[in-house]
Amino acid sequence: VFLFIISHKTASQAGLSDAEAKKTFDRFDVKDYTMEPITTYHLIAAAINKKDEKKYKEIKNKFFDASPQLNTLIEQLSLNHGASVKNDIKNLFPIHPYTAYLMTFIARNISSADRSIFKFLDDDQRGFRSFLNQEVGNNIPVITADYLWDYFFEEFERDNSEKFLSVLSKFYLHTREIEKTDRNYNAIFKGILLLNLLSKMVFSAGENDQILVTPSMDNIKLLFLGSHLEEYVDKAMDFIDRKEIIRRTLDNLFLVSSSTLPPREINEEKQKLARSYEEITKVLDFDSDSKRELERTITNGILRVSEINFYWAGEKEHILKTKLLKDFKKTYSLHLAVFLSKDDLMISSIKSVIKQMSQEEEFKHIIFILIDKPLGEDKFDRFITFVAESAVARNHNFSNDAITNEGFAKKIVERYQLPLG
């Protein structure tokens with residue numbers, strides 16, 4: 001006896017726990033049949049009725065001609081399937097090409113009786129019809145990713161995944177603040193959150209899908225390319241990063257962590273860490289591998305046995321002198337004192353101190369090296385934020401997020417491989 005179960009939802013989409021989903025996969029041989037993006041493009045294009053084909057083509061061509069980069073984007077979205085697919089994507093206008101791709105992604109990964117991409121086309125509250133009813137200004141309007149966020153928001157809310165919850169919590173906490181600052185920023189914020197949310201579904205997706213839903217700065221810009229929101233994207237990302245709503249990583253990603261961490265605890269931890277790491281050499285100590293690499297760079301080509309010690313450029317002179325006299329243990333070695341700073345002001349003040357000490361007899365056995373590019377306030381603040389989030393995540397037993405944030409902090413130290421001047 002064979003039992004065939006045909007469902008529009010996978011076990012994970014049905015809201016099953018991990019244990020329940022495992023039981024399902026253990027008991028059944030699961031065969032996925034998903035709608036290919038090409039098919040979805042055909043179906044959506046067929047569902048859009050153009051009453052005045054001539055006027056439609058005129059406006060569509062004007063939109064695409066104004067932003068030649070859109071053709072490059074369409075090449076990427078069409079997976080090089082040929083001219084017919086590229087034309088299908090263009091014929092989805094006024095749906096933005098990137099929005100069209102995300103619609104196909106949602107169609108393959110979210111199954112709902114209440115929400116579907118075809119119901120989106122017929123919806124006059126938050127969907128396609130509501131877009132058609134809006135006032136048209138000087139710009140040619142297109143449906144951008146924020147429309148999908150608004151329409152599928154209730155579906156996202158119904159999902160009980162912890163990964164979804166963290167993205168939704170970001171929205172609940174910050175959307176009003178961003179909307180008050182600039183409604184265009186809020187639309188871009190929704191696009192960033194949508195990429196974050198969809199990127200959490202790609203564990204079984206292909207490599208191209210993973211790239212296209214990654215919340216990178218490049219993808220965020222492409223989300224709104226050619227639209228009226230394009231001119232606000234850089235300012236919106238800067239605002240979201242500066243306000244620490246979502247911190248940009250050194251890889252230029254706007255990633256929302258999987259866990260929901262209490263902002264108050266993070267701020268308290270940041271204040272403690274800012275004091276602890278004020279002496280900038282401790283930042284270098286955070287990643288021993290990077291420290292060793294910097295030591296190798298400094299001693300490269302030196303044949304003598306060398307001792308290297310790192311010093312904070314903001315150290316008080318009398319404390320610094322005491323350390324210099326005490327730290328070097330081997331009389332036969334080359335003594336290298338390397339100075340690190342957080343800002344340019346520290347560099348200018350330590351230069352005069354180093355010049356004076358180098359002329360004093362008791363310090364003539366020391367070679368002073370000043371790395372004349374500071375870490376910078378921005379990188380220091382990012383480092384403190386990532387270390388704080390790692391500590392708070394660990395306190396709440398979110399080990400994956402703790403490791404991820406620790407990795408981001410180490411990348412800042414790793415890239416502090418600066419030219420020696």
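Guide: His96 sits in the loop between α5 (83-90) and α6. Keep in mind that this is a predicted model.

Visitor: Why is His96 called buried?

Guide: Buried means under 20% relative accessible area. His96 has a relative accessible area of 0%, so His96 is buried.

Visitor: Which residues is His96 in contact with, leaving aside neighbours within four places in sequence?

Guide: Among them are Phe63, Leu70, Leu73, Val142 and Ile143. The list also includes Leu222, Leu223, Phe224 and Leu225.

Visitor: What makes Thr99 count as buried?

Guide: The cut-off is again under 20%. Thr99 has 0% relative accessibility and therefore counts as buried. Thr99 belongs to helix α6, residues 97-109.

Visitor: How do you know that the span of helix α21 agrees with its number of residues?

Guide: The expected span is 1.5 Å times one less than the number of residues. For the 16 residues of α21 (residues 399-414) this gives 22 Å, and the end C-alpha atoms are 22 Å apart, so the two agree.

Visitor: Why are the buried residues of α21 said to line one face?

Guide: Seen down the helix axis, the buried residues of α21 fall within an arc of 150°, so they line one face. They are Asp401, Ala402, Asn405, Phe408, Ala409, Ile412 and Val413. In general, an α-helix has 3.6 residues a turn, so residues three or four places apart point the same way.

Visitor: What do the buried residues of α21 pack against, and which exposed residues are on the face turned away?

Guide: The buried residues pack against α16 (281-285), α17 (288-299) and α20 (377-395). The face turned away from the buried side carries Asn400 and Ile403, which are exposed.

Visitor: How many of the residues of the whole protein count as buried?

Guide: Of its 421 residues, 46% count as buried. The protein has 21 helices and 3 strands.

Definitions and conventions:
Residues are numbered from 1 along each chain as its sequence is written. This is a predicted model: local features need pLDDT of at least 70, side-chain atom pairs count only at pLDDT 80 or more; totals for chains, interfaces and linings use all residues. Side-chain values use heavy atoms; hydrogens and water are left out. Helices (H or I, at least four residues) and strands (E, at least two) are DSSP runs, numbered from the N terminus. Buried means under 20% relative accessible area, exposed over 50%, partly exposed in between (1.4 Å probe, protein chains only). The arc is that of the directions from the helix axis to the C-beta atoms. Contact means heavy atoms within 4.5 Å.
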